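Please view the structure first, then read on.

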Amino acid sequence: MIKTQYRELHCSSPRYWGGLASLAFIILVGLGAAFHMEHNGHFVTGMSNQIVWGLPHVFAIFLIVAASGALNVASIGSVFGGPMYKPLGRFSGLLAIGLLAGGLVVLLLDLGRPDRLIVAMTTYNFKSIFAWNIILYTGFFTIVGLYLWTMMDRKFEQYKRPVGFAAFFWRIALTTGTGSIFGFLVAREAYDAAIMAPMFIIMSFSYGLAFFIITLISAYWWAGRTIGDLRLAKLKNLLGVFVGAVLYFALVYHLTNLYVTQHHGVERFILLDGGIYTNMFWIGQVLIGGVIPLFLLYSPAFTTSRFALSIASLLVLIGGFFQVYVIVIGGQAYPMNLFPGKEVLESSFYDGVVASYTPTTAEALLGIAGIAIAMTLVAVGSRMLRVLPESLEDPAEGECA
Amino acid sequence: MSCNSDQPDMNRRGFLGKTVVAATAAVVAPGIMLTVAKASSEEGASSAVRWGMLIDTNKCADGCSACVDACNKENGIDLMQRPEGQADEMWNAQRPQWVRKVKLRDKQTGEVSNLPMMCQHCEHPPCVDVCPTGASFKRADGIVMVDRHTCIGCRYCMMACPYKARSFIHQDVAEQLTGAPRGKGCVESCNLCAGRIDAGNSTTACQDACNRDGHQAILFGDLKNPDSEIAKALKTESSHQIRADLELNTGVRYTNI
Ligand code: SF4
Ligand code: SF4
């Protein structure tokens, strides 16, 4: 049995430093945008008292959800003992930490008072799922950090499985917690569904794996190392299953909502006449994020095409982004029904009408900086730590790598 | 609908003595210092009362905005400046509105009604449940408000409030009243004129304004005191909570909608 050799990511300097410099630039621009929004106040954004969570929240939630899913590969490797996945465990842990950090930075910088971070970290209202999320996020860093350690340090090898299990459950809790943020908003029809939490878990599997595949392929291209076809085929099949599952859950979510008469309005809004949100749902989430990737993943024409796999993963991410957008923004845009049986003739506060929201460039820049932060952490991490196997060539017949 | 089903518990008056005794016992233990602090801060926020409002939509006049104007003045909202060049639509979506006028038409009968809409001072406030830092809180006397020193501006409370009663401060605050502190990046909402009430007043600014204009649509008072005007009115008239299905037991009630 050949032991997997891990080595720091070394590649030709211009390629590495050039890439890092561009990431740093994106981050700087994003921080500038955040400063602009904080300095002037949120009036320079498209957000208002009607759409209180805007584009930054879409990015943040997307990244946080993806983070927990990115850990999946490690879980499959050490918790469920999948030999093909095992050598990928370390990288999966690093990516999970990176994505979560990126998402949290965006979330933090979009607060009205980011300077009060210390208040958020020290004053807890334990009834609040948001406060629990802060604990879940901090714990995630710790546990995944430990998990990485046990994977990397022989001396602690025996703790790998228990810590792996802990990380696995923690991650499920984290995604459930993120999904529950919406579950608690009983008055908003779009969120009033028990399926929200499991749907977030399956979304996390899909986005996390898509991120994983893209960063893995890029890292190996960067470093000029090779990945075996068989291993990629495994990841590819898994992605196909997850993408299908996300579509299935979306279907169940909308069907159950259609079953509840009071929710017909919001369903009509998302599925039929919600304008931009309807388009995002059908074109973004279903077509770009579901149907096309499934075709790319399963069509015999692309069986071994790495390009098709990368494009499919990218589309899954784009579609996933739209999905989160429809959930977060679309769910707020649809008016709350305060007065059943009445129509609102006049209100200075947009009661009864669909709220409008046009995100500004600054909001987008902050969100993109979140992704860049995640990628930078991964790039720096894999340069400094031994997370990437020297070679990911397929194991020889009958052998477990 | 029976007028009793929505009634808060009216028989708590006898608890006053016991509450005071219990409160004293609880604070004496940790030491004298705390007793002093507690006594001064808890004054005016006793659980023996529950402040609430009863709004008669029949009396609320079409096109009148006396309550809104009075609230804006009382709480320094009118001191907020519209950012230069901002369109009406965005300004209306971003400026704080503690109370707003809503005009409704019944889809079946065509009946038109007007009402002021504000924080309903829920007994089980979702905004308080979700607030991560505890900045959003309910006083012992039922008033729900935001502690602007611990609010981090996450806006989760705004997502959770079923009545869209909260406003986020989107811009710098140049001028403000000492009695109504305000800060960019924090959330605020109607506090039933807590400052006035604590100072011993028995009416809110909106009620005064409505009365001054001769409409008498707003009645403020102690829901727990069976002798109060509001408690008597609630006993005799059939009143409604908006979105009663959420079972938040709101402190603000409406008749004739
Ligand atoms: S009406 Fe809204 S802001 Fe007021 S107490 Fe209820 S949930 Fe909180
Ligand atoms: S915006 Fe302020 S009051 Fe509202 S939930 Fe967040 S911290 Fe609490």
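Predicted model: local features only at pLDDT ≥ 70, side-chain atom pairs only at ≥ 80, totals over all residues.

Contact means heavy atoms within 4.5 Å. (Ala, Val, Leu, Ile, Met, Phe, Trp, Tyr, Cys and Pro count as nonpolar; Asp, Glu, Lys and Arg as charged; the others, Gly among them, as polar.)

Helix H9 (residues 229-259) and helix H12 (residues 306-333), both of chain A, have axes that come within 11 Å and cross at roughly 25°. H9(A) is therefore roughly parallel to H12(A) (angles under 35 degrees). Their crossing is left-handed, with the near helix turned anticlockwise from the far one by less than a right angle. Axes are lines fitted to C-alpha atoms over the stretch in contact, and angles run from 0 to 180 degrees between N-to-C directions. Helices are DSSP runs (H or I, at least four residues), numbered from the N terminus.

## H9 against H11

H9(A) also packs on helix H11 (residues 276-298) of chain A, at about 150° with axes 9 Å apart. That makes the two roughly antiparallel (over 145 degrees). The crossing of H9(A) and H11(A) is left-handed.

Contact residues of H9(A) include A:Gly240, A:Gly244 and A:His254; those of H11(A) include A:Gly289, A:Gly290 and A:Tyr298. The contact of H9(A) with H11(A) divides into 12 nonpolar residues, seven polar and one charged.

## Basis

Local features need pLDDT of at least 70, and side-chain atom pairs count only at pLDDT 80 or more. Residues are numbered from 1 along each chain as its sequence is written, and chains are lettered from A.

Key
Heavy atoms only, no water. Parallel < 35°, antiparallel > 145°, perpendicular 65-115°, else oblique.
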